[in-house]
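My notes are below the structure.

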Amino acid sequence: MSKKVRVRFAPSPTGGLHLGGVRTVLYNYLFARKHGGDFLVRIEDTDQSRYVQGAEEYIFDTLKWCGLEPDESVQHGGDYGPYRQSERKASYRQYAEQLVKNGQAYYAFDTPEDLEKMRQDFKSEQNPSPQYDHTIRMKMRNSLTLSADETQKLLAEGTRHVIRIKMPENETVSFTDMIRGEVSFETSLVDDKVLLKADGMPTYHLAVVADDHAMKISHAFRGEEWLPSAPVHILLWKYLFGLDEMPQWAHFPLILGPTGKLSKRDGAKYGFPVFAMNWTDPKTNELTEGFKEKGFLPEAFINLLALLGWNDGGEQEIFTKEELIEKFSMDRVHSAGAKFDYEKAKWFNHEWVKKSGAGSLKSGVKTLLEENGIAISNDDLLEKVIGLVKDRCTLLPDFIQQSSFFFKAPETIDVDAVKPKWNEAKQLFFAELIRNYELAIEWNAHTLENNLKEIAATNNLKPGELMLPFRIMLVGGKFGPGVFEIAELLGKEETIRRISSAIKMFG
RNA sequence: GGCCCGUUCGUCUAAGGGUUAGGACACCACCCUUUCACGGUGGUGAUACGAGUUCGAAUCUCGUACGGGCUACCA
C-alpha cells in the first residue's frame with residue numbers, strides 16, 4: 001500500500017505559465033516534499049502544431065524563480081526518462097494496438113472532412129455538438145464498420161488513421177478524488193476519444209496514462225478542467241495496467257478571473273499579471289507581463305498562490321515555503337474555484353517585503369535602481385536605505401521612488417508646495433541651520449532634530465512650518481521616511497548641499 | 001443542449017449538527033505620525049432559494065436557481 005510518493009507536473013510548452021499552472025506545481029511540490037516523495041516535470045509536447053519555441057525553457061526558469069525545482073525532468077535528469085513525450089513515441093502505439101487487439105479500441109479512418117460532415121449532419125437543437133460516440137460510431141468509417149480484410153488493406157496501404165477508445169455502454173465508471181470524494185460517470189455519455197493521432201503521436205489521454213505508469217506516479221494532480229475526461233483515463237488504466245496500479249487523483253479547483261477561468265486576456269484587461277514571469281510570444285512578439293517583473297517576491301508569490309484554494313484551518317496567512325510543506329494537506333484543498341484578487345496579492349507581497357531583511361532585498365533593489373539610472377557605489381548605505389523605506393514599499397519598483405533620492409539629488413523639487421509660505425524668516429533660519437550643521441560633530445537623526453528645534457525656538461519659528469520645506473529640500477517631494485533619518489543617511493556634506501541649493505529656488 | 005463540478009461578507013476563507021457565523025484583503029471612521037506609509041482601535045458587510053431529516057442545520061438529504069468547466073486527430 002505504501003507506494004513511494006511520486007508526483008508530476010506535466011505542462012505543454014505552448015506559452016507562459018500562468019497562476020493556475022504555478023499553483024498546480026506548488027501543490028504537487030508541497031505534497032511531494034511533505035511525504036518525502038519525488039516531484040518531476042514531464043513535458044507534454046505531443047502536439048507539434050502547438051509547439052512554441054522557448055516555452056519549455058521558460059517553464060524551468062519559472063520553477064527556478066519560484067524555488068520549486070523538480071527532482072527529475074529534462075533538465076534535472078532522473079531514472080524514468082525521457083521526460084519529453086515526443087521522445088517516448090514508440091511505446092504509445094504499442095499500447096493503442098494492444099487495446100485494439102482486445103476490442104477496447106478501434107481504428108478510425110474518417111478524414112477531418114468526414115468528421116465535420118458528421119457534426120453537421122447530426123447537429124440539432126437538442127444536440128448542438130454531436131460526439132463520436134456509441135450512437136455514431138457504427139455510421140463512420142472504422143474497423144468496427146469495415147470488414148477485417150478492408151481494415152487490413154487500408155492499414156497496409158498506409159491510410160491515415162487514428163485509434164479511438166471504444167467506450168463501453170451502460171457502465172458506471174467511478175473513482176475517489178482526493179478533494180471531491182466519489183465522482184462517477186455513465187460511460188454511454190462519454191465519447192470515443194482519439195488515443196493515437198494520425199501522425200502517430202498519442203493524445204493527452206493515452207500519454208498521461210502510459211507515462212504516469214512508466215514513471216511510477218503515485219498521485220496524479222491536475223486542474224479541474226480535466227475532470228470530464230477522467231473516465232477515459234480510468235478505463236485506460238483498467239485496460240492497460242489494472243486499477244490497483246492507478247495513481248490517486250485530485251482535481252484542483254480553477255483560479256477564476258473576473259468573468260470565468262483566469263486567462264491571459266483578463267490580465268491585460270484588468271491590469272494585473274497573469275503569468276509568473278514576462279513572456280514574449282515568439283510569433284507575435286506580444287509581451288505578457290509577469291509577477292516577477294511586476295515586482296513580486298517569489299516567497300510572496302508562492303504564499304499567495306498556496307492560499308488560493310487551500311488554508312490550514314487557522315488564521316495564519318503568511319507562510320514560508322517550509323511552513324507550507326509542513327502544513328499542506330490535500331484534504332484541505334477546496335473544491336470550489338477561487339477568484340483571483342490582485343489587491344490581496346499585493347498585500348501578500350507587502351507583507352513579505354516588510355518581513356524580508358534588507359540584505360535579502362538588496363540585490364533586487366540594486367538592479368532595479370541601476371536600471372533606472374541610479375548608480376550604487378555604497379552597498380552598506382543601500383542596505384540602510386532599504387531598511388528605512390521598505391515598510392512603505394508594496395512592490396519592488398516602489399523602491400525606486402522611495403530610495404533614489406538617497407543616491408542622487410532629486411531632479412525636480414516641488415517648489416510650489418513651499419513657495420507660497422516661504423518668507424525672509426525661513427530663509428534666515430535655513431541659512432543658520434546650514435552653519436549649525438556644518439559645525440556638527442555628531443551626525444545622527446537625533447542631534448539633527450534637536451539642533452533644528454533649538455534654532456527654531458531662538459528664531460520664534462514653529463518646527464511644524466519648517467519640516468515640510470526641509471523635507472522637500474532633501475527629497476524633492478512630500479514622501480519618504482523621517483526627515484532626520486534621511487539627513488543622517490545623506491551625510492553632512494550632501495544635506496548641506498541640498499539645503500543651500502534649494503534655498504535659492506525658494507527665494 | 002448534454003455531462004461533470006461547485007455555491008458562507010464585494011474578494012480569499014474559518015466554523016466537519018448547538019458560536020452574538022470568526023479572520024484577512026478592500027472600503028469607512030478614529031488614534032499614532034510636523035510628509036507618505038507602517039501600526040493600533042472600531043465599523044459596514046455573508047450562510048443562494050425551497051423542502052426534508054433532527055430537540056437543534058451554514059453544516060446531512062433532495063429539488064430549484066445561479067456560477068464554472070468539458071463537449072478537437074489541444075493540453
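The entries follow in the order in which I looked things up.

**Ground rules.** I am working from a predicted model, in which local features need pLDDT of at least 70, side-chain atom pairs count only at pLDDT 80 or more, and totals for chains, interfaces and linings use all residues. Residues are numbered from 1 along each chain as its sequence is written, chains are lettered from A and ligands numbered from 1 in the order in which they are written, and side-chain values use heavy atoms, with hydrogens and water left out.

**Cores.** I looked up nonpolar cores, meaning sets of buried Ala, Val, Leu, Ile, Met, Phe, Trp, Tyr and Cys residues joined through side-chain atoms within 4.5 Å. Buried is under 20% relative accessible area, exposed over 50%, and partly exposed in between (1.4 Å probe, protein chains only). The largest core has 59 residues, and Phe301, Met330 and Phe340 touch the most other members. Among the elements that each supply at least two residues of this core are strand 1 (6–9), strand 9 (248–252) and helix 12 (342–355). Helix 1 gives the most, nine residues. I took helices (H or I, at least four residues) and strands (E, at least two) as DSSP runs numbered from the N terminus. Another core, of 55 residues, lies apart from it and includes Ala358 and Phe399.

**Met330.** I listed contacts (heavy atoms within 4.5 Å). Leaving out residues up to four places away in sequence, Met330 touches Phe31, Met178, Ile179, Phe221, Ala250 and Phe252.

**Helix 10.** Eight of the nine residues of helix 10 are buried, Phe301 and Asn303 among them. The cover over these buried residues includes helix 1, helix 2, helix 9 (291–294), helix 11 and helix 12.

**Helices 16 and 17.** The axes of helix 16 (residues 424–439) and helix 17 (residues 445–458) come within 10 Å and cross at roughly 140°. Phe429, Glu432, Leu433, Asn436 and Tyr437 in helix 16 meet Leu448, Asn451, Leu452, Ile455 and Ala456 in helix 17.

**Leu115.** I found Leu115 in helix 4 (residues 112–122). Is Leu115 buried or exposed? Leu115 counts as buried because its relative accessibility is 15%. Its contacts, not counting residues up to four places away in sequence, are Asp110, Tyr132, Met140 and Arg164. Tyr132 is 17 residues from Leu115 along the chain, and their C-alpha atoms are separated by 8.5 Å.

Definitions and conventions
Axes fitted to C-alpha atoms, helices over the stretch in contact; angles between N-to-C directions.
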